[in-house]
Amino acid sequence: MAEAILAGLHASGHPGTNLRYSEPFDERLKYMQTKYPELVGSNDNNQVVDGADIVILAVKPQVLRSVVNGLSGAVEKNPNLLIISIAAGITTADIRKWLTIRPEIKVPIVRCMPNTPALVGEGAMGLYATDAVNEQQKELTGEIMKAVSKQVSWVEKEALIDSVTGISGSGPAYFFLIMEAMQNAGVEAGLTPEDAKALTLQTCIGAARMAQTSEDDLATLRRKVTSPKGTTEAAINSLEANGIRKTMADAVFAAENRGKELAEMLGRD
């Protein structure tokens with residue numbers, strides 16, 4: 001995800017000299033330096049954040065505590081440094097707690113929940129900003145994340161990031177599963193695996209594009225393609241009879257609740 005953000009920002013016109021990154025693994029650092037020679041890479045976090053206005057924390061949640069702790073000096077030196085975290089399950093309160101700086105310093109922190117389609121520039125992302133984040137910093141964060149996400153939605157309460165997780169964060173996997181099931185059904189019906197996959201993927205892309213460009217809501221679009229006593233109605237009736245709505249709701253809330261559990265576990269002292 002960090003590479004996708006860097007590449008997206010650079011492709012959108014940000015000078016490479018303004019884009020710095022830290023990579024602790026030598027092999028990965030050499031890869032980044034070879035692929036993005038215009039960017040400034042290092043294996044020293046403090047060297048990278050020195051003089052920066054914005055720092056994006058794109059590390060695994062398990063190591064975020066040590067990374068944040070190591071940035072305390074830079075934040076103490078520049079309290080207006082905007083911290084943007086895309087680490088799953090870590091709250092802004094935990095990040096602030098792990099900064100060993102004077103408690104009266106209000107640190108601007110933004111927490112983001114991206115999803116994997118961001119890797120191909122088609123992401124959907126939820127964001128939450130603490131009270132210390134000003135409007136200019138929110139606008140900058142939005143512009144940064146639009147380099148990889150087509151939809152950037154701000155939430156007013158941090159708890160809603162878990163709801164975002166249930167919809168868009170984990171959502172791509174729901175669609176992969178649905179597409180997998182459609183492809184398998186197509187093969188069972190006699191299509192080749194290649195044709196079943198191609199038809200399934202294009203149907204999903206086409207339906208999503210129609211939903212994006214139409215003035216109709218999703219329920220109206222569904223009704224418009226469901227002719228009475230037709231093939232689509234038969235399929236929809238089967239889905240409804242098998243509890244498609246409850247199945248999807250259960251999946252969304254299962255992901256949301258697991259996000260809350262992980263946040264509690266990862267934030268423990």
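**Exercise 1. The second largest pocket**

What is the volume of the second largest pocket? Describe its lining by residue, by element and by class.

*Solution.* The structure is a predicted model, and in it the second largest pocket has a volume of about 1600 Å³. The next step is the lining, which is made of 44 residues, and of these Ala-2, Tyr-21, Ile-56, Leu-57 and Ala-58 are the closest to the centre of the pocket. Turning to the elements, two or more residues each come from α1 (2-11), β1 (20-22), α2 (26-35), α3 (45-49), β3 (54-57), α4 (61-70) and α7 (135-145), and the element that gives the most is α1, with 5 residues. Sorted by class, the lining of this second largest pocket holds 31 nonpolar, 6 polar and 7 charged residues.

**Exercise 2. The largest pocket**

Which element gives the most residues to the lining of the largest pocket? Begin with the volume and finish with the classes.

*Solution.* The volume of the largest pocket is about 2900 Å³. Its lining counts 50 residues, those closest to the centre being Phe-175, Ile-178, Cys-204, Ala-207 and Ala-208. The elements that give two or more residues to this lining are the strands β6 (123-129) and β7 (149-154), together with the helices α8, α9 (171-188), α10 (193-213), α11 (218-224), α12 (231-241) and α13. The answer is α10, which gives the most, with 11 residues. By class, the lining of the largest pocket is divided into 31 nonpolar, 13 polar and 6 charged residues.

**Exercise 3. Helix α8 and its two partners**

For the second pair, the axes of α8 (residues 160-169) and α13 (residues 244-266) come within 8 Å and cross at roughly 140°, which makes α8 oblique to α13. The crossing in which α8 passes α13 is right-handed. Here Asp-162, Ser-163, Thr-165, Gly-166 and Ile-167 of α8 meet Val-252, Ala-255, Glu-256, Gly-259 and Lys-260 of α13, and the classes in this contact are 3 nonpolar, 4 polar and 3 charged residues.

Conventions:
Residues are numbered from 1 along each chain as its sequence is written. This is a predicted model: local features need pLDDT of at least 70, side-chain atom pairs count only at pLDDT 80 or more; totals for chains, interfaces and linings use all residues. Side-chain values use heavy atoms; hydrogens and water are left out. Axes are lines fitted to C-alpha atoms, for helices over the stretch in contact, and angles run from 0 to 180 degrees between N-to-C directions. Helices (H or I, at least four residues) and strands (E, at least two) are DSSP runs, numbered from the N terminus. Angles under 35 degrees count as roughly parallel, over 145 as roughly antiparallel, 65 to 115 as roughly perpendicular and the rest as oblique. A crossing is left-handed if the near helix is turned anticlockwise from the far one by less than a right angle, and right-handed if clockwise. Contact means heavy atoms within 4.5 Å. Ala, Val, Leu, Ile, Met, Phe, Trp, Tyr, Cys and Pro count as nonpolar, Asp, Glu, Lys and Arg as charged, and the others, Gly among them, as polar. On a 1 Å grid over the protein atoms alone, a cavity is a set of points where a 1.4 Å probe fits but cannot get out, and a pocket is an open set with protein on both sides within 12 Å along at least five of seven lines; lining residues have an atom within 4 Å of a point. Grid points are joined across faces, edges and corners, and a volume is the space filled by probe spheres set on the points.
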